[in-house]
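Here is a brief report on a helix, a sheet and a ligand site. Keep the model open alongside.

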Amino acid sequence: MTTFVIVGAGLAGAKAAQALREQGYDGELILFGDEQLPPYERPPLSKSYLMGASPWEEALVHPEMWYADHGIDLRLGTRVSALHPDEHAIEAGERVRYDKLLLATGSSPRHLRGDDALLHLRRRGDSDAIKAAFGHGRLVVVGGGWIGLEVAAAARQAGTEVTVLETLDVPLQTAIGPELGQVFADLHLEHGVDLRTRVSVAELYSEGVRLRDGTPIDADALLIAIGARPNTDLAEAAGLAVDNGVLVDAALRTSDPDVYATGDIANAEHPFLGRRVRVEHWANALNQPATAAAAMLGKPASYAELPYFYTDQYDLGMEYVGLAQDYADVVLRGDRAAREFIAFWLDGDQRVLAGMNVNVWDVVEPIKALITSRAPVDPKRLADPDVPLDQVADISA
Ligand SMILES: Cc1cc2nc3c(=O)[nH]c(=O)nc-3n(C[C@H](O)[C@H](O)[C@H](O)COP(=O)(O)OP(=O)(O)OC[C@H]3O[C@@H](n4cnc5c(N)ncnc54)[C@H](O)[C@@H]3O)c2cc1C
């Protein structure tokens with residue numbers, strides 16, 4: 001009997017277990033998770049669950065019984081402490097042998113020095129603790145990234161005073177650039193958030209923070225939301241190749257042929273983008289594990305989906321597809337003031353690198369088609385909502 005072991009019972013681990021069974025694997029399958037809860041999705045922790053708008057059960061990847069029903073040995077509250085690739089074994093209180101291993105250990109919040117007793121957001125208990133602070137004075141959020149802003153929106157909607165502290169010129173600047181980051185800055189300012197940009201925190205106290213320029217900011221609760229780091233310690237200690245995540249090929253295979261990695265920790269070769277990509281996105285943790293499962297079963301496998309993520313804040317819903325770390329231009333189609341538009345990031349050859357639809361729906365597929373065509377576009381036609389997206393290619397090119 002073969003044994004496959006999955007380390008990390010988050011969305012990626014649960015989806016990998018599901019994919020292995022769906023793809024015909026009928027051997028022993030053990031899924032280790034160090035949380036006490038069965039695998040769940042994290043996006044609701046900063047949105048509907050945090051706002052009390054959806055019950056906990058909706059966040060579960062599968063009902064708890066699903067694992068036993070599918071012959072999956074789900075071992076919760078069990079941390080895998082070591083990996084020995086040469087011996088095909090892991091340590092989790094006991095030594096467990098494997099034939100193939102999948103690492104799906106996800107990410108952990110980044111910390112500031114001395115912030116251990118403060119709020120962070122990764123797990124259900126974190127979301128519950130943040131919610132308990134709503135309505136009790138001022139919540140100060142350090143970090144204007146996705147999680148910080150989503151919590152700010154939820155807190156404002158619960159009637160809480162909120163201050164957001166961001167080091168850069170606008171929130172989300174590294175994720176979507178200054179042009180679109182400003183859209184989110186305006187959104188939060190309109191909803192009464194005390195948004196302070198170009199500030200950095202010099203000291204943290206339980207009652208607040210002191211900025212580098214000496215300004216004190218009082219807080220009744222303090223959330224540190226300055227990003228996440230991939231949980232690569234296990235892989236690193238085992239001698240696997242690690243560099244901004246666990247290095248894997250397009251089939252999600254690590255530097256050890258019997259060890260695979262998926263989800264937030266995988267820094268994977270991307271066949272379309274032509275380089276390695278590591279994304280901390282729900283859709284990646286949802287879809288990528290099926291490729292890892294296929295590869296573990298010896299089938300040809302390659303993950304080539306474009307990065308995709310979404311957010312919901314107040315009455316703004318958006319989806320982003322593609323990747324535009326370096327871009328030459330941003331083109332908007334639609335009404336920015338009404339926050340109903342699509343933004344496109346173009347490279348120097350006027351090819352679409354990424355698109356973000358804000359309160360405009362059912363356009364992700366045509367945006368993906370534009371990106372994958374690599375066709376130069378005419379920016380004027382791209383900006384014109386009357387020109388269908390499949391007709392924006394630069395006809396003079
Ligand atoms: C609050 C919040 C909101 C988010 N919202 C969005 C969103 O709106 N859109 C979007 O695209 N993405 C969002 N994300 C990101 C998305 O949730 C992650 O990309 C996704 O959870 C990654 O899944 P994963 O399975 O790789 O990792 P995780 O979900 O982190 O799961 C990994 C699991 O492995 C466990 N583990 C780690 N090490 C060990 C070990 N040694 N032994 C046993 N278990 C271990 C961890 O405790 C964890 O339970 C959000 C994330 C958070 C925290």
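H3 is followed by Gly135, whose phi is positive, near 80°. This is a predicted model: local features need pLDDT of at least 70, side-chain atom pairs count only at pLDDT 80 or more, and totals for chains, interfaces and linings use all residues. Residues are numbered from 1 along each chain as its sequence is written, and side-chain values use heavy atoms, without hydrogens and water.

**Helix H3**

H3 spans residues 124-133, and its buried residues (under 20% relative accessible area, 1.4 Å probe, protein chains only) are Ser127, Ile130 and Ala133. They fall within an arc of 115° seen down the axis of H3, so they line one face of the helix. The arc is taken from the directions from the helix axis to the C-beta atoms. An α-helix has 3.6 residues a turn, so residues three or four places apart point the same way. The buried residues of H3 pack against helix H4 (146-157) and strand S15 (221-224). Contact here means heavy atoms within 4.5 Å.

**Open sheet**

Three strands form an open, antiparallel sheet in the order S12-S13-S14. S12 (201-205) and S14 (216-218) are the edge strands, each pairing on one side only. Pairing requires at least two DSSP bridges. Three bridges join S13 (residues 208-211) to S14. Arg210 stands opposite Pro216 in S14.

**Ligand**

| Residue | Protein atom | Distance |
|---|---|---|
| Leu11 | backbone N or O | 3.3 Å |
| Asp264 | side-chain N or O | 2.7 Å |
| Tyr310 | polar backbone atom | 3.1 Å |

Technical notes:
Buried < 20%, exposed > 50% of the residue type's maximum accessible area, 1.4 Å probe, protein only. Helix = DSSP H or I, 4+ residues; strand = E, 2+ residues; numbered from the N terminus. Polar contact = N/O pair within 3.5 Å; in protein donor to acceptor, adjacent residues only side chain to side chain.
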